[in-house]
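Student: I am new to this structure. Could you show me how to read it, one feature at a time?

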Amino acid sequence: MNSTVTISPSCADASDPDSISVAQALDRIEATITALDEYEALPLKECLGRISSESVDSPIDVPGHTNSAMDGFAVSSVSLPTQDINDFEEIGVAYAGIPFDRVCGDNQCVRIMTGALIPEGCDTVVMQEQAERLENGRIRIGTGHRTEENTRRAGEDIEQGALVLERGSTINPAHLGVLASLGIGSLKVWRKPIVAFLSTGDELVSIGNPLKKGQIYDSNRYILYGMLAHLPVEILDLGVVKDHPEQIRQTLMEAAAKADLVISTGGVSVGEADYIKTVLRDIGEIEFWKIAIKPGRPLTFGTIEGSLFMGLPGNPVAVMVIFDQFVIPAITKFSGAMASGPPLLKAVSLDKLKKKPGRYEIQRGIASRDANNNWQVSKCGQQGSGILTSMSRANCFIVLAENIDGVAVGDLVDVQLFDWN
Ligand code: AMP
Ligand code: MG
């Protein structure tokens, strides 16, 4: 009798020959998805957080005219003393928005406020702190001044015709300010993708119902809601579906009819009740990936009736990691935004971290600054993919690339701060 057990690759293995790398998975997401081709023009304020579908060239110079950067006295540089002093006759005042409308001659000056147009005949502003008002009313100025000092040249910030906003930019408060400074009151942005999500699992109970033996509350829909709420998308919560192929099939078909992207959690492993893959083979185009990442190895990716589908694993920590690593890039591509991976910083590890080479690992950490203001990171308790409090106590991911073979105390590691904190 043969007394060995033939074993299959599993998520307990450090490496699995069937797995694709994180970079390969990201490349396939990038290659499969095309941006939605629908736009809307919105009033400027409503564009905050949205993705611009047009680039903007400035219709005007900003500032429109050369003006003063300081409160002081506008003079012609020709009259500035090259030695000793010169006493100027003050002939008027220029305010921001109220120009001085006569010509200023040699050895004359105009009292000028910040933002006021430089009067005709002047090219330089001497700060008021560097000028002396004499008892006879004249203004005394010494040496050491430079032609055009304390002036802001027309077009110095933005020249007419200059590119001020790239297509695909996520509109932030600075963009709003720049567009407002150009008098632009509305912008074309990409339509928000509609993202539907559902949980699958016979053991799941919605909040408000008592738990029977063996049941758990569904937390993944709350996680997904929280992670999606930060993004420029419309959210559709489709509730909990039992591990029942026909119910899953119906819900996914309905979801695909309403949404641009459908996300499910659970039911993508190799258990008896894991029906997502089989249902999807039936109703859509499916790629099933095992990604060399811990946690969160299985990910189903594909299309149902023209909508995108991503089937995430059930474990809540894996849901957060996979969402962060793969769903966000998918939504980014979908919504026309310029891709920019999350910023990573280097931090000194305060703990020894166990890690086998062969797969990408995302551990949960608590990052802080040391006495010299340098980043340091400690690990965040138990790291099991079922331990959701490891996420709620953490403020960052510790990102360990495939080839890393453990981390010693004092080693530098890559840290990705949570942007939902
Ligand atoms: P599955 O991928 O369906 O095998 O689920 C893996 C693990 O995650 C199981 O322990 C599930 O009970 C758990 N799980 C699945 N879905 C959820 C959910 N929506 N909320 C909380 N835990 C879940
Ligand atoms: Mg399940």
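Tutor: Start with contacts. Two residues are in contact when heavy atoms lie within 4.5 Å. Keep in mind that this is a predicted model.

Student: Which residues does Ile 33 contact, leaving aside its neighbours within four places in sequence?

Tutor: Ile 33 is in contact with Phe 301, Leu 308, Ala 330, Lys 333 and Phe 334. Take Phe 334. It is 301 residues away from Ile 33 along the chain, yet their C-alpha atoms are separated by 6.3 Å.

Student: Where does Ile 33 lie?

Tutor: Ile 33 sits in the loop between α1 (22–32) and β1 (39–43).

Student: Is Ile 33 buried or exposed?

Tutor: Buried means under 20% relative accessible area. Ile 33 has 3% relative accessibility, so it counts as buried.

Student: How do I read burial along a helix? Which residues of α5 are buried?

Tutor: List the buried residues, then look down the axis. In α5 (residues 276–283) they are Ile 276, Lys 277, Val 279, Leu 280 and Ile 283. These buried residues fall within an arc of 165°, so they line one face of the helix. On the other side of α5, Arg 281 and Asp 282 are exposed.

Student: What covers the buried residues of α5?

Tutor: The cover includes two elements named α4 (245–258) and β13 (194–200). It also includes the strands β17 (261–265), β18 (285–290), β20 (298–304) and β21 (307–312).

Student: Which residues of helix α3 are buried?

Tutor: In α3 (residues 220–228), the buried ones are Asn 220, Arg 221, Ile 223, Leu 224, Met 227 and Leu 228. They span an arc of only 160° around the axis, so they are on the same side of α3. Their packing partners are β13, β16 (234–241), β17, β21 and α6 (316–334).

Student: Now a single residue in a strand. Where is Thr 265, and what does it touch?

Tutor: Thr 265 belongs to strand β17. Its relative accessible area is 1%, so Thr 265 is buried. Not counting residues up to four places away in sequence, Thr 265 touches Leu 198, Ser 199, Thr 200, Asn 220, Leu 224, Leu 312, Pro 313, Gly 314 and Val 319. Two of these, Asn 220 and Leu 224, are among the buried residues of α3.

Student: Which residues touch the most other members of the largest nonpolar core?

Tutor: That core has 45 residues, and Leu 261, Ile 263, Ile 291, Ile 293, Met 310, Leu 312 and Phe 326 touch the most other members. Helix α6 gives the most to this core, with 11 residues. A second, separate core has 16 residues, including Ala 196, Ala 255, Val 262 and Ile 283.

Student: What is Ile 291 in contact with, beyond its neighbours within four places in sequence?

Tutor: Ile 291 is in contact with Ser 19, Ile 20, Ser 21, Val 22, Ala 25, Arg 297, Leu 299 and Phe 326.

Student: Which nonpolar residues form a patch on the surface?

Tutor: Ile 207, Leu 211, Tyr 217 and Tyr 222 form one, with about 420 Å² of accessible area together. Ile 207 is in the loop between β14 (204–205) and β15 (216–217). At 58% relative accessibility, Ile 207 counts as exposed.

Student: On to charges. How many salt bridges does the structure hold?

Tutor: It holds 14 salt bridges. For each pair, ask how close the atoms are and where the partners sit. Arg 191 pairs with Glu 38, the closest N and O atoms being 2.8 Å apart. This pair links distant parts of the chain: Arg 191 is in the loop between β12 (186–190) and β13, Glu 38 is in the loop between α1 and β1, and they are 153 residues apart. Glu 38 is partly exposed, with a relative accessible area of 39%.

Student: Which other residue forms a salt bridge with Arg 191?

Tutor: Asp 260 does, with the closest N and O atoms 3.0 Å apart. Asp 260 is in the loop between α4 and β17, so the pair ties together parts that are 69 residues apart in sequence. At 13% relative accessibility, Asp 260 counts as buried. Shared partners join Glu 38, Arg 191 and Asp 260 into one salt-bridge network.

Key:
Residues are numbered from 1 along each chain as its sequence is written. Chains are lettered from A and ligands numbered from 1 in the order in which they are written. This is a predicted model: local features need pLDDT of at least 70, side-chain atom pairs count only at pLDDT 80 or more; totals for chains, interfaces and linings use all residues. Side-chain values use heavy atoms; hydrogens and water are left out. Helices (H or I, at least four residues) and strands (E, at least two) are DSSP runs, numbered from the N terminus. Buried means under 20% relative accessible area, exposed over 50%, partly exposed in between (1.4 Å probe, protein chains only). The arc is that of the directions from the helix axis to the C-beta atoms. Patches are made of residues with over 30% relative accessible area and no salt bridge: like charges are joined within 9 Å, nonpolar side chains (Val, Leu, Ile, Met, Phe, Trp, Tyr) within 5 Å. Accessible areas come from the Shrake-Rupley method with a 1.4 Å probe; for residues, only the protein chains shown count as cover. A salt bridge is a side-chain nitrogen of Lys or Arg within 4 Å of a carboxyl oxygen of Asp or Glu. A nonpolar core is a set of buried Ala, Val, Leu, Ile, Met, Phe, Trp, Tyr and Cys residues joined through side-chain atoms within 4.5 Å.
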